[in-house]
Amino acid sequence: MGLTVQGNAIAREIAGYRSDLVADQAAHDALGAQIANQKTADYVQQKARDYGYIGANESLITVQRDGQASAASARAVSDGPSRIARWFAFFFAAR
């Protein structure tokens with residue numbers, strides 16, 4: 001009887017380890033898919049756009065709804081970091 005109980009306990013541990021392996025493999029596959037997506041050119045372009053970069057032969061257009069330019073918005077555009085400063089921060093800033 002003692003060997004049967006011990007055998008059942010070991011079988012439960014094995015089943016638990018197998019379920020842990022399946023869960024870990026699923027997490028690994030999900031991370032692999034995420035990494036594969038992040039290596040695509042579309043992902044990199046979207047991230048660059050999120051940081052305010054534009055592509056070659058593109059330009060930014062701003063539309064003000066009330067029709068009058070405010071001094072604060074004009075000042076905010078000129079006071080912002082330069083394109084080179086944003087590029088440097090994007091590639092070399094601490095993460």
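Tutor: Before we start, helices here are DSSP runs of H or I with at least four residues, strands are runs of E with at least two, and both are numbered from the N terminus. Keep in mind too that this is a predicted model.

Student: What pattern does the protein follow along the sequence?
Tutor: Start with the tally: there are four helices and zero strands. Read along the sequence, that gives α-α-α-α.

Student: How much of the protein counts as buried?
Tutor: The cut-off for buried is under 20% relative accessible area. Tyrosine 53 passes that test, at 12%. For the protein as a whole, with its 95 residues, the buried share is 2%.

Student: How many residues apart in sequence are the parts tied together by tyrosine 53 and phenylalanine 90?
Tutor: Tyrosine 53 is in the loop between α2 and α3, while phenylalanine 90 belongs to helix α4. Because the partners sit in those two places, the pair ties together parts of the chain whose separation is 37 residues.

Student: Which residue lies over the face of tyrosine 53?
Tutor: For a charge to sit over a ring, NZ of Lys or CZ of Arg has to be within 6 Å of the ring centre. Here the distance from the ring centre is 5.6 Å, and the residue is arginine 86.

Student: Why are aspartate 50 and lysine 47 separated by about one helical turn?
Tutor: Their side chains meet in a salt bridge, at 3.9 Å from N to O. Aspartate 50 is partly exposed at 49% relative accessibility, and lysine 47 is partly exposed at 32%. Both belong to helix α2, and they're about one turn apart because their spacing is three residues.

Student: How far apart are the closest N and O atoms of arginine 49 and glutamate 58?
Tutor: A search of the whole structure finds two salt bridges, and this is one of them. Arginine 49 is partly exposed at 41%, and glutamate 58 is partly exposed at 36%. The closest N and O atoms are separated by 2.8 Å.

Student: Is asparagine 57 buried or exposed?
Tutor: Asparagine 57 lies in the loop between α2 and α3. Its phi is near 60°, a positive value. Most residues other than glycine have a negative phi. As for accessibility, the cut-off for exposed is over 50%, so at 87% asparagine 57 counts as exposed.

Conventions. Residues numbered from 1 in each chain as written. Predicted model: local features only at pLDDT ≥ 70, side-chain atom pairs only at ≥ 80, totals over all residues. Heavy atoms only, no water. Buried < 20%, exposed > 50% of the residue type's maximum accessible area, 1.4 Å probe, protein only. Lys NZ or Arg CZ within 6 Å of the ring centre and 35° of its normal. Salt bridge = Lys/Arg side-chain N within 4 Å of Asp/Glu carboxyl O.
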